[in-house]
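Please open the structure in your viewer and keep the selection tool at hand.

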Amino acid sequence: MRADAPRSSAPVVAVILAAGLGVRFDTDNPKQLFKVGGKPIVAWSIEAFEANPGVTDILLVVNDKVRSPIEAIVAENAYPKVRMVITGGAERADSTEAALQTLAEAGIPSDAKVLIHDAVRPFVSQESITGCIEALDGFKAVTVAVPSTDTILYAHDLGDRKVVRDVPDRADMFRAQTPQAFRFDTLRLAYAKAASDPEFHPTDDTRVVVDYLPDVPVAIVAGSETNLKITLASDIPIAEWMARSFQGK
Ligand SMILES: Nc1ccn([C@@H]2O[C@H](COP(=O)(O)OP(=O)(O)OP(=O)(O)O)[C@@H](O)[C@H]2O)c(=O)n1
Ligand SMILES: C[C@](O)(CO)[C@H](O)COP(=O)(O)O
């Protein structure tokens, strides 16, 4: 990250989280390296942010198992925006925290725009990425999301069963996707506050802001059903179909 470069506007840093173990997929076949349309899933994600003119820098977060192959992908493609490949942590939030620490040490400005993206969402749209970048001119936190087409049930435990506690209005129900984007100082403050609770295990970054900076609205940016998160092996056939349609095959 060129913290010292003269700039007319804040840097826009894409943090691509690729440090997961893929337990629900296949730990012996890391899903971030799985090829769809002949290209590793992580490469699709990197290239989406490389292609977006608003993104200035990319930071990759990996684990020891995928570091070498991902570094090889970066070298082979000579991605101009990729600045660093760092090691993440045990949970997704730990990987975000590792990225925030790296960005702080790199001296990026407090108003930098930081977009956190799941590497295993290979088909993120340019509209969603640009939507996040632009929305951060009016908000300190934004997240890509799609309206739920299913009715959402809020459940709790009753003995060994889940029972329905509430059925929220579907019109207000969204499924979070990524990128989730923040002004750098906002996300750092939220994570600093969250660090006081070792039992806090958020599954995304938006919740950290919602829970610890409740006065900061998190704006929703339109996602898409093609912004699929590769989680299970059963996601691969649709991802392969999407890749072919993106490639015009
Ligand atoms: N400690 C972690 C956990 C997840 N991720 C990343 O966050 C994204 C979403 O996580 P998920 O789909 O849950 O990936 P895994 O954690 O690998 O999957 P699982 O829960 O099945 O192990 C992925 O790109 C994953 O690589 C990460 O960077 N660091
Ligand atoms: C961040 C996220 O993609 C929003 O839907 C999701 O929470 C990631 O969950 P995962 O269990 O880390 O895949």
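Begin by selecting residues 41–51, which make up helix H1. In this predicted model, 9 of the 11 residues of helix H1 are buried, so the helix is largely enclosed by the rest of the structure. A residue counts as buried here when its relative accessible area is under 20%. To see which residues these are, colour Ile 41, Val 42, Ala 43, Trp 44, Ser 45, Ile 46, Ala 48, Phe 49 and Glu 50, the buried residues of H1.

Next, select ligand 1 together with the 18 residues around it, among which Leu 17, Gly 22, Val 23, Arg 24 and Ser 95 come nearest. Turning to Arg 92, you will find a backbone N or O atom that lies 3.4 Å from a nitrogen atom of ligand 1. Taken alone, ligand 1 exposes 560 Å², and the protein buries 88% of that area.

For the last stop, move to the surface and select Leu 153, Val 164 and Val 167, which form a nonpolar patch with about 260 Å² of accessible area together. Is Val 164 buried or partly exposed? With a relative accessible area of 49%, Val 164 is partly exposed.

Methods. Residues are numbered from 1 along each chain as its sequence is written. Chains are lettered from A and ligands numbered from 1 in the order in which they are written. This is a predicted model: local features need pLDDT of at least 70, side-chain atom pairs count only at pLDDT 80 or more; totals for chains, interfaces and linings use all residues. Side-chain values use heavy atoms; hydrogens and water are left out. Patches are made of residues with over 30% relative accessible area and no salt bridge: like charges are joined within 9 Å, nonpolar side chains (Val, Leu, Ile, Met, Phe, Trp, Tyr) within 5 Å. Accessible areas come from the Shrake-Rupley method with a 1.4 Å probe; for residues, only the protein chains shown count as cover. A salt bridge is a side-chain nitrogen of Lys or Arg within 4 Å of a carboxyl oxygen of Asp or Glu. Buried means under 20% relative accessible area, exposed over 50%, partly exposed in between (1.4 Å probe, protein chains only). A residue is near a molecule or strand if one of its heavy atoms lies within 4 Å of it. A polar contact is a pair of N or O atoms within 3.5 Å; within protein, one must be able to donate a hydrogen and the other to accept it, and residues adjacent in sequence count only if both atoms are side-chain atoms. Helices (H or I, at least four residues) and strands (E, at least two) are DSSP runs, numbered from the N terminus.
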